[in-house]
Amino acid sequence: MKVFNLPDLGEGLPDAEIVEWLVSEGDEVTVDQPLVSMETAKAVVEVPSPFTGKVAKFHGGPGDVIKTGAPLAEFQVEGDAGAEATTQTEPPATETQAADDAGSTEEKSDQGDREDSGTVVGKMQAGGEVLRERTSTVGGVKVTPAVRALARKLKVDLAAVQASGADGVVTAADVRKAAEDGSAPAGGGSKPEAPAQPAPSPQPQPAPQPQQQKTEASPEPAPRETTASGDWEPVRGTRRTMARVMSESHRSVVPTTLMDDADIQGWKAGEDITVRLLRALWAGASAEPGLNAWFDGQQEMRIVHKNMHVGMAVDTPDGLFVAALRDVNQSDKAGLRGEINRLRENVQNRSIPPEDLKDYTIILSNFGKFAGRYATPVITPPCVAIVAAGALRHEVVPVLGGVEVHKMIPLSLTFDHRACTGGEAARFLKAMLDDLSKAE
Amino acid sequence: MAEITLIEGVTMALARAMEEDESVVVLGEDVGVNGGVFRATAGLHQRFGDDRVIDTPLAEVMIAGTTVGMAAQGMKPVAEAQFCGFTMPMIDHIMCHAGRLRNRTRGRLSCPMVLRFPSGGGIHAPEHHSESPEALYAHMPGIRVVIPSSPSRAYGLMLAAIRDPDPVIFMEPKRIYRWQKEEVVDDGEELPLDVCYTLRDGNDVTLVTWGAMIKETMQAADELEAQGVSVEVIDVATISPLDMETIIESVERTGRCVIVQEAPRHCSVASEIAAGLADAGVWHLHAPVKRVCGYDVVMPLYRNEMKYMPSVKRIVHAVQQVLEVS
């Protein structure tokens, strides 16, 4: 039995549609006898028979699309015992096809004197075996190695992708689509949407329900697409204060943030990072006093402070407190450390007197002990500047003749651009960096 | 859609890339009129002309230098070296210039070049024709190293290599250039360059390999499956950067790993993978990681060539050994 695979009927056409069989199954045909008319993207062409013999089987009827290279018909050829179907990689029609495909320099074995084996040295193995990569099953979906690799590259969870291929096979296009619309992020489990929004912030929504009512009788929010897993609760106490202060800041301040790294390679072992940061703040204010100031936007007035009281952000489970550390510019290391500890303790015990929570002139947020590099810290008016220190890290730095690994503290300075210029802020930050880079 | 061989996949990708981007040029000894040492560039000269398919003198150092220069100036050269052993004179340009250009200019310039060459043994070639120097290139910072193992991956990875903004060493496993055919659509779709390809799933052991050894590894997997062993096969495909994550994930599941490579064992990619597994996956391992490799000798001439190459038998034996440890 000989299998006739559909040759390329045009220039690289992927397939063709059977218009009409010009013979019937069981007919005897001769070589070059018109066998079938087929419509390609370009024309309707008649395909001649590559064999003399009996047409044993058609692989499709009118209207069926046959892929180039896929079986079109089977023949019983004289001298062919007919035991087993041979796919046509060697027999007539595809041989010429294959030679054409492979380029004109390929094997012209009848040319005689010099046979081009496709290589200048050695013996190449050539096989007729056709590779069909089997799909594997990942999370209950069928997928080929290339598509699985693509999913990994695009960070798409295959289990959550809508399969469009035959037999439920996930195609590359499916994975791309999922990556684009974000419907199947890897690592997000099979519920992609649920954790995306914890709770809608009340601000951007133009209030279908007034805010005041909201804090009362545990209100039901408008129906949502996905069911929230928790209950609505009113925000009280320090959290509510935080929300108000932050809103006030957002409404009134024009914040601009500068970021840079302090190279602290020269520090002695055991330096107190917070104390050094406080000292650097004063160094900054010495260079640019305008950042250690208060600003009244309505009256358009400011006070540039002669002393420095630093508001230190202290994180607690109940919310953020900003405790004031007085006269930082006049304190020594031990004094500062003692005062910091006292304030922290008072905050943690919730025994801090109100006067310790106000009248600071600049703010320091040292979030680096948790994580994070840079930030866009938020100013509490009437202050005009806040400095945030991120997580200490090692960084490769270029030095004369090579590179070294230095310890760095990333700093982010937000200033109120109504009250300070960019130049003032940059010089302030530069003075901080210089002070922090000192050995002691 | 055509059923094509691995080398035809390379040709198809080259033609596609040249068609879509005029800055892509092909250069090397005999890549033009003659169509390249294994005919990977057949037909390109006719189609794209002298300016874009350039026959160079027989001088590897010049080819490499010219390629780096072209790439630094905005072209996308794809250079052919005729055999892996002849890339050794090119190393200065690859390591000291191509791989460093981005860093040296702080990102102002990159080096979007591809150096492609047939690699590996098993075709009865003379000396300097059969090396597997992937570890050598993978050791160079700033260089990607890619080895396809099927016609479709040759096509997709080559396209990605050409489009990549950084230098790519594209090693073509010549022993399997014409071993298999596969239906490959010439649709310009590239394949990811930094992930492994899991060719079959299994639960008992992970076989990790790349390039021509995919042939013996898949045959070994068939044999082992006939014995009732469930084998996962990973084609690494991109040697550098190495996607250890896929390998570790697989080994976390199977608990056993055999790495198969044609290159000598000492300081090799197989060693790197084994070290990566020891580093991150040791708690999941039920048995030592085995490496089935070529030997630490000069690649022998053809009478002994097949004694050197990892065989199906050696792979099956190694798997049986790791399965014995419980």
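## Exercises on a predicted two-chain model

Asp222(B) and Arg200(B) form a salt bridge (a side-chain nitrogen of Lys or Arg within 4 Å of a carboxyl oxygen of Asp or Glu), and their closest N and O atoms are 2.9 Å apart. This is a predicted model, in which local features need pLDDT of at least 70 and side-chain atom pairs count only at pLDDT 80 or more, while totals for chains, interfaces and linings use all residues. Residues are numbered from 1 along each chain as its sequence is written, chains are lettered from A and ligands numbered from 1 in the order in which they are written, and side-chain values use heavy atoms, with hydrogens and water left out.

### Exercise 1

Find which elements of chain B hold Asp222(B) and Arg200(B), and decide whether each residue is buried, partly exposed or exposed.

**Solution.** Begin with the positions: Asp222(B) belongs to helix 8 of chain B and Arg200(B) to strand 9 of chain B, so that the pair links parts of the chain 22 residues apart. Helices (H or I, at least four residues) and strands (E, at least two) are DSSP runs, numbered from the N terminus. Next, apply the cut-offs, by which buried means under 20% relative accessible area, exposed over 50%, and partly exposed in between (1.4 Å probe, protein chains only). Asp222(B), at 45% relative accessibility, is partly exposed, whereas Arg200(B), with a relative accessible area of 4%, is buried.

### Exercise 2

**Solution.** Arg175(B) sits in the loop between strand 7 (168-173) and strand 8 of chain B, while Glu216(B) sits in helix 8 of chain B, 41 residues apart. Arg175(B) is buried, because its relative accessible area is 1%, and Glu216(B) is buried as well, because its value is 9%.

Arg163(B) lies in helix 7 of chain B and Glu20(B) in helix 1 (residues 6-20) of chain B, and 143 residues separate them. Arg163(B) counts as partly exposed because its relative accessibility is 26%, and Glu20(B) counts as partly exposed because its relative accessibility is 45%.

### Exercise 3

Work out what surrounds Thr87(B) and whether this residue is buried or exposed.

**Solution.** Start with the location, which is the loop between strand 4 (76-80) and helix 4 (91-98) of chain B. Thr87(B) is buried, because its relative accessible area is 0%. Now list the contacts (heavy atoms within 4.5 Å): leaving out residues up to four places away in sequence, Thr87(B) touches Ala81(B), Phe117(B) and Tyr137(B).

Finally, look for polar contacts, each being a pair of N or O atoms within 3.5 Å, where within protein one must be able to donate a hydrogen and the other to accept it, and where residues adjacent in sequence count only if both atoms are side-chain atoms. The side chain of Thr87(B) makes such a contact with the side chain of Tyr137(B) at 2.7 Å, and a polar atom of the Thr87(B) side chain also lies 2.7 Å from the backbone oxygen of Cys84(B).

### Exercise 4

Describe how chain B meets chain A: how many residues are in contact, how much area is buried, and how many salt bridges are counted?

**Solution.** First count the residues: 44 of chain B are in contact with 36 of chain A. The size of an interface is often given as the accessible area lost when the parts come together. Here about 3,600 Å² is buried between chain B and chain A, 46% of it on carbon and sulfur atoms; buried area is the accessible area (1.4 Å probe) that two parts lose on being put together, summed over both.

Then count the pairs across the interface, which come to seven salt bridges and 11 residue pairs in polar contact, both at pLDDT 80 or more. Helix 7 (151-163), strand 8 (178-184), strand 9 (197-200), helix 8 (213-226) and helix 9 (244-254) of chain B each supply at least two residues to the side that touches chain A, and strand 8 gives the most, with six residues. One of the salt bridges joins Arg148(A) to Asp201(B) at 2.5 Å, N to O.
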